[in-house]
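Subject: Structure for you to look at

Hello,

I am handing over the structure we spoke about.

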Amino acid sequence: LVVAGGAAVAAVSALILGLCVLHLRGTYFAILTFGISELLKNLIMYIEKSEFGTVGRLMMGAPSLPVIYWTVLALAVLAAVMYWLVARSDFGAALRAIGSDEGRASTLGLNVRNAKIAGFCLSAFIPGAIGAAMSVRWTYIEPQIVFNPFIVFQTVLVATIGGPTRLAGPILGAVVFGLLQETLRLNFANYYLILLGVLLILSVLYVPNGLVSLFNSNRPGTFKRARTKHV
């Protein structure tokens, strides 16, 4: 029930936020969404301090680690299935068209606003469920943890490393990123964030379509063409 509630709250929040900000693009969209995130964080901190005299919550009565593990794994499988279904649907084709050229998609008759809002809500559903499941794993949560900008950076990095346009891309990116992050954290504790930033830059420059694109390079020159297309 908690996991389902987290997914529902995230989807409804995305609906409300999408109605407010999805008419914006580019830098304006990024700035406004980040600003709203900071607003929510400080609002929650203010309410907790003024009403409860403390910030943060202890999660009591957490389930066992195997239960948490299988719950998160089931959500990961659900996310992959949702990706597969959406990618092969008319809705997925509409989202790809909007991503390629929003103006042309609108001209061709797509309801761009509704499609973007639906995609926004769908993309918030699984993270909301994961957040609810992982909160009991952490046993303690507070606004600074929940609204940590580095979580967003991690998500972008995982998709960039693996490749955001193929189902195997984010899965491969998550495995590589997870192993790399722990290795850098253990061996270069003071520099690992800088190294992750450098990794993101190198990924964008030299493997713009992600690691999964390297497995599709059956002919010489494919890597070069992918890079030229990205530029």
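Predicted model: local features only at pLDDT ≥ 70, side-chain atom pairs only at ≥ 80, totals over all residues.

The whole protein

The protein has 11 helices and 2 strands. Read from the N terminus, the order of elements is α-α-β-α-α-α-α-β-α-α-α-α-α. The C-alpha trace spans about 60 × 50 × 30 Å along its principal axes. Of the 231 residues in the protein, 26% are buried. The protein exposes about 15,000 Å², and 70% of that area comes from carbon and sulfur atoms. If you take the contacts between residues at least 6 apart in sequence, 66% of them join residues at least 24 apart.

Helices α1 and α6

Helix α1 covers residues 2-21 and helix α6 covers residues 112-138. Their axes lie 7 Å apart, and the two helices pack at an angle of about 150°. Angles over 145 degrees count as roughly antiparallel, so α1 and α6 are roughly antiparallel to each other. The crossing of α1 and α6 is right-handed.

Which residues meet where α1 and α6 are in contact? On the α1 side they are V2, V3, G6, A7, A10, A11, A14, L15, L17, G18 and L19. On the α6 side they are R113, I117, F120, C121, A124, F125, G128, A129, A132 and A133. Sorted by class, this contact of α1 with α6 has 17 nonpolar, 3 polar and 1 charged residues.

Regards

Methods. Residues numbered from 1 in each chain as written. Heavy atoms only, no water. Axes fitted to C-alpha atoms, helices over the stretch in contact; angles between N-to-C directions. Helix = DSSP H or I, 4+ residues; strand = E, 2+ residues; numbered from the N terminus. Parallel < 35°, antiparallel > 145°, perpendicular 65-115°, else oblique. Left-handed = near helix turned anticlockwise from the far one by under 90°. Contact = heavy atoms within 4.5 Å. Nonpolar A, V, L, I, M, F, W, Y, C, P; charged D, E, K, R; others polar. Buried < 20%, exposed > 50% of the residue type's maximum accessible area, 1.4 Å probe, protein only. Areas by Shrake-Rupley, 256 points an atom, 1.4 Å probe, with all protein chains shown as cover.
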